[in-house]
Amino acid sequence: MAGALQLARRGLFSTPPNPSVGCVIVDRDGAVVGEGHHERAGGPHAEVEALRQAGAAARGATVYVSLEPCTHFGRTPPCADALLEAGIGRVIAAMRDPNPSVDGGGLQRLARAGVSVAVGLLEGEARELNRGFVSRMSRGRPWVTLKVGTSLDGRTALANGASQWITGPAARADVQRLRARASAILTGIGTVLADDPALTVREPALVRAGRPPLRVVFDSRLRTPVTAKLLCDGGPTLLFARTDAIDSRGGALRVAGVAVEGLPSDAAGIDLAAALARLAQLECNEVLVESGPTLAGAFIVARLVDEIVLYVAPTLLGDAARPLARLPVLEQMTQRQDFDWVDARSVGADLRLTLRPRTEARGP
């Protein structure tokens, strides 16, 4: 199963909106006779690739697959049927498929046909690998990663807005992998007006691996200039705005080839939960938030951040510089939001710190 998961990782940048899946087939003598992974959406699934390699040796063999075999017709036929036709004797899946159109149905079909089935081997690793797909299917929203580059004192820009560059070239290159994994890169109108970012994946190998991520801008009053970089390169871009703003300016932006959609909003801006639900409808598995402190703080306060990735530079910018996130003033320590460390490592001259919200209550 560890081998199946390793194979699945090869499709991490290219399979969305599908999950990344790997498969290993072992014959009755314990020899590996077939391996495969799902390379890209619309292509053959991992089980089919492994069965092709195994050929006649698949009869009576054991299949280790990182996700339950599918049972529905999409762009490819059901994998459960292919396994039955090959005469597989046993199927071990790391986890059930959270897709409601499958969710246990594949294992049930195999079991009813006399195939020995089991599920749960290395399930934690399998769920982590497809965290975005699992989130979209089970919660109706994508997995949200907040990426921030900061100084040692948690500052993201000088008081005048200058921020290029706090972190070094190695950290900025590392961010490209986060972007390539994401289905969408999300920012706010403040960042667009101040920095004019392109929000593209600049590593050629990663660009070739999968489709470019959707650029999403929270722009309640549609102030994005038609000359903005993210509107001028032909890549997919979506602006979320207030409905009344669309009536006044949406036409000009659509003429420029930009998708514009209205969402519920209030004095604080766009409804974040509604935006994420809409992105899930658009089959976005993972969303990378690269924004200023106002939008970053809004996501944190709404408890919609699943992971924070901090690139920390060994420098100080002072207390007048802009913060990591704008948060409401707390009156009691019990109001704070706690996070757990997931990973810490050096990236060039900087540190990359990964944190996730703490689910259990902190002790006294």
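I began with a salt bridge: the side chains of Asp-340 and Arg-358 meet at 2.7 Å, N to O. Asp-340 sits in strand β17 and Arg-358 in the segment after β18, so the pair ties together parts 18 residues apart in sequence. I noted that this model is predicted.

Asp-340 is partly exposed, at 26% relative accessibility. Arg-358 is partly exposed too, at 25%.

I then turned to a network. Salt bridges with shared partners join Glu-128, Arg-131, Arg-181, Glu-286, Glu-307 and Arg-356. My search of the whole structure gave 19 salt bridges.

Another of them pairs Asp-81 with Arg-109, at 2.6 Å from N to O. Asp-81 is in helix α3 and Arg-109 in helix α4, so this bridge ties together parts 28 residues apart in sequence.

I moved on to the second largest pocket. It holds about 580 Å³ of space. Of its 19 lining residues, Arg-131, Leu-178, Arg-181, Glu-307 and Arg-352 lie nearest the centre. Helix α7 gives the most to this lining, with 4 residues. By class I found 7 nonpolar, 1 polar and 11 charged residues in the lining.

I finished with the largest pocket. Its space is about 1,400 Å³. It is lined by 49 residues, and Thr-187, Thr-191, Glu-290, Ser-291 and Gly-292 are the closest to its centre. Elements giving two or more residues to the lining include β6, α7 and α13. I recorded 19 nonpolar, 17 polar and 13 charged residues there.

How values were computed: Residues are numbered from 1 along each chain as its sequence is written. This is a predicted model: local features need pLDDT of at least 70, side-chain atom pairs count only at pLDDT 80 or more; totals for chains, interfaces and linings use all residues. Side-chain values use heavy atoms; hydrogens and water are left out. On a 1 Å grid over the protein atoms alone, a cavity is a set of points where a 1.4 Å probe fits but cannot get out, and a pocket is an open set with protein on both sides within 12 Å along at least five of seven lines; lining residues have an atom within 4 Å of a point. Grid points are joined across faces, edges and corners, and a volume is the space filled by probe spheres set on the points. Ala, Val, Leu, Ile, Met, Phe, Trp, Tyr, Cys and Pro count as nonpolar, Asp, Glu, Lys and Arg as charged, and the others, Gly among them, as polar. A salt bridge is a side-chain nitrogen of Lys or Arg within 4 Å of a carboxyl oxygen of Asp or Glu. Buried means under 20% relative accessible area, exposed over 50%, partly exposed in between (1.4 Å probe, protein chains only).
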